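User: Please take me through this entry in short questions and answers. Start with the terms.

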2 protein chains.
Amino acid sequence: MAGSRLTPSRPCRKMVAPIPSPFPSRSDPLPMDVTEKAQTAARGRRIRRENVERILKAAELVFAEAGCAGATMADIADKAGLPKANLHYYFGTKEDLYRAVLDNILRLWLDPLAGLDASADPATALTAYIRAKMDASRLRPNASKVFANEILHGASQIGEFLAEDLRRLVDRKAAVIEQWISEGRMAPVDPRQFFFMIWSMTQHYADFEVQVRTVLGRKKLTRDDFAHFTAEVVRMVLRAGGLAPPDDPVSCTGGVPGES
Amino acid sequence: MAGSRLTPSRPCRKMVAPIPSPFPSRSDPLPMDVTEKAQTAARGRRIRRENVERILKAAELVFAEAGCAGATMADIADKAGLPKANLHYYFGTKEDLYRAVLDNILRLWLDPLAGLDASADPATALTAYIRAKMDASRLRPNASKVFANEILHGASQIGEFLAEDLRRLVDRKAAVIEQWISEGRMAPVDPRQFFFMIWSMTQHYADFEVQVRTVLGRKKLTRDDFAHFTAEVVRMVLRAGGLAPPDDPVSCTGGVPGES
DNA sequence: GTCTATATTGTGATAGAC
DNA sequence: GTCTATCACAATATAGAC
């Protein structure tokens, strides 16, 4: 399940771990009745699944708040309601746990973009994409923060993901934008810069949430706040792509370009 | 010099420091000839200034690469070419050093925005602002990364800066945007979301540089790359604000809005 | 002011009883 | 599978000779 697309390279910091501890495998050497054994195994799997889930959830929170190096296993264990040793039982090392958290996040990242389809209407498709990204920022801000932190510090764990999976997907989706442009349905933008715009704007509301909140003078961002942000982002991005919605009061005001 | 706008609160992590070590003050108790003493003091100040500068530069790099918690005094000392103990001599604690680095950065942050003037032409003024921000991303990427990392993890050090200085400045500059809108010189955007757009797009090229580079298949971003990014960002932002440059081939294509 | 040597402790990881 | 007790180490910070 975990570690599929991740580079098993550099840890958060130079860490202790002189011995590469192998992942512990389950073994039941005790002789038992068959049905009884099956029941025990089933319960064991359920407990494992629940614990893994709780650990991953707590880890995402702590990694988001403190970063990879700043996070401590003790803190994660506390928030998961389990003793620290259990984290090592399930995940081996802190780095392994960090990669497992990241691996969960990468799925969130690719799925919305994969939906962009050339046969759809540009404004409709882009609006849906932006909404999906804004929903992700609202509902999974910690996932976004962990991802941002990983990129910010060099993407040592997900470098391969960026170079392979993401790059290929972006190449395909850039072709979609280019097709729209060549059909005259969009302004001629650099497709990749256009994606950077959408990513940075939408993720900003998760990653820089403190700044957004403070500048707006809010104690907490509500669902209504996010609805407003989303509407504004959609409007601005569509206009940036030459896709002004018809209900827009100002459609096209002339302006003087900057001193080139 | 340092620590003017910074909240002296939570450290990067729970740190050792049980004793609040006071900042060491200079003292010259040795009896000396007056001119000789002055010369020694002058040379001392010069050495101090140079060392402080080297330490701050190295610290900015290391804090950007590893984050606040992940950075080590030993690593900073290595990159500064000084023994570790000297860092503590000049800055006391790691947290103090981190705050000094941040304090340098805050200036960079406010200055370009402060230049926005209501009497100027909107497109010209915004173009200049975007260029200044893109130049900052190109020339001081590590400063941007340290700032992003600080916000990402809760802004425990610069919370006061955000709530006071930045918020006040944004309030003033939002009024500028609103004036332009009321004069019909810009599309009616939420001024603060408009600023978020500019900040996130421009800082993206520093903070997410690895991702930008990888998606584009570049080994390194050149000055020409940045010139292209800047031109695209300017075009998109101006269009988003309803300020289409006249040389833009697509001025205003109709589009279908998303399913509301 | 400089820098080696060291005190101290937070933290990742493991052993081993239950 | 669970969890207490413990180890080993790395990182902050300081003492004190130069």
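Analyst: A residue is buried under 20% relative accessible area, exposed over 50% and partly exposed in between (1.4 Å probe, protein chains only). The model is predicted, so local features need pLDDT of at least 70 and side-chain atom pairs pLDDT 80 or more, while totals for chains, interfaces and linings use all residues. Residues are numbered from 1 along each chain as its sequence is written, chains are lettered from A and ligands numbered from 1 in the order written, and side-chain values use heavy atoms, with hydrogens and water left out.

User: Which percentage of the contacts in chain A with a separation of 6 or more joins residues 24 or more positions apart?

Analyst: Contact means heavy atoms within 4.5 Å. Of the 260 residues in chain A, 50% are buried. Among contacts in chain A with a separation of 6 or more, the share from residues 24 or more positions apart is 72%.

User: How much area do chain A and chain B bury between them?

Analyst: The contact involves 81 residues of chain A and 82 residues of chain B. Buried area is the accessible area (1.4 Å probe) lost when two parts are put together, summed over both. Carbon and sulfur atoms carry 62% of the total, and that total is about 6700 Å².

User: How many salt bridges and how many residue pairs in polar contact are counted between chain A and chain B?

Analyst: A salt bridge puts a side-chain nitrogen of Lys or Arg within 4 Å of a carboxyl oxygen of Asp or Glu. A polar contact is a pair of N or O atoms within 3.5 Å; within protein, one must be able to donate a hydrogen and the other to accept it, and residues adjacent in sequence count only through two side-chain atoms. Between chain A and chain B there are 0 salt bridges. The residue pairs in polar contact there, both at pLDDT 80 or more, number 14.

User: Which element gives the most to the side of chain A that touches chain B?

Analyst: At least two residues each come from α1 (34-70), α5 (122-139), α6 (141-152), α7 (159-182), α8 (191-207), α9 (209-216), α10 (223-240) and β1 (243-244) of chain A. With 12 residues, the element that gives the most is α8(A).

User: How do the residues on the side of chain A that touches chain B divide by type?

Analyst: Ala, Val, Leu, Ile, Met, Phe, Trp, Tyr, Cys and Pro count as nonpolar, Asp, Glu, Lys and Arg as charged, and the others, Gly among them, as polar. On that basis this side of chain A has 43 nonpolar, 23 polar and 15 charged.

User: How far apart in sequence are the parts tied together by Cys12(A) and Cys68(A)?

Analyst: A disulfide is a pair of cysteine sulfur atoms within 2.5 Å, and 2 are found over all chains. Cys12(A) and Cys68(A) form one, with sulfur atoms 1.7 Å apart. Cys12(A) lies in the segment before α1 of chain A and Cys68(A) in helix α1, so the separation of the parts they tie together is 56 residues.

User: In chain B, is Cys68(B) buried or exposed?

Analyst: Cys12(B) and Cys68(B) form a disulfide, their sulfur atoms 1.7 Å apart. Cys12(B) is in the segment before α1 (34-70) of chain B and Cys68(B) is in helix α1, 56 residues away. Cys12(B) has 22% relative accessibility and counts as partly exposed. Cys68(B) has 8%, so the class of Cys68(B) is buried.

User: Which residues of chain A are in contact with His204(B)?

Analyst: His204(B) sits in helix α8 (residues 191-207) of chain B. Its relative accessible area is 3%, so His204(B) is buried. Leaving aside neighbours within four places in sequence, His204(B) contacts Glu209(B), Gln211(B) and Val212(B), as well as Phe196(A) and Ser200(A).

User: What is the phi of Ala155(B)?

Analyst: Ala155(B) is in the loop between α6 (141-152) and α7 (159-182) of chain B. At 3% relative accessibility, Ala155(B) counts as buried. Glu150(B), in helix α6 of chain B, touches Ala155(B), among others. Although Ala155(B) is not a glycine, its phi is positive, at about 55 degrees.

User: What separates the C-alpha atoms of Leu243(B) and Leu126(B)?

Analyst: Leu243(B) is in strand β1 (residues 243-244) of chain B and is buried at 2% relative accessibility. Leu243(B) and Leu126(B) are 117 residues apart along the chain. The separation of their C-alpha atoms is 9.9 Å.

Key. Helix = DSSP H or I, 4+ residues; strand = E, 2+ residues; numbered from the N terminus.
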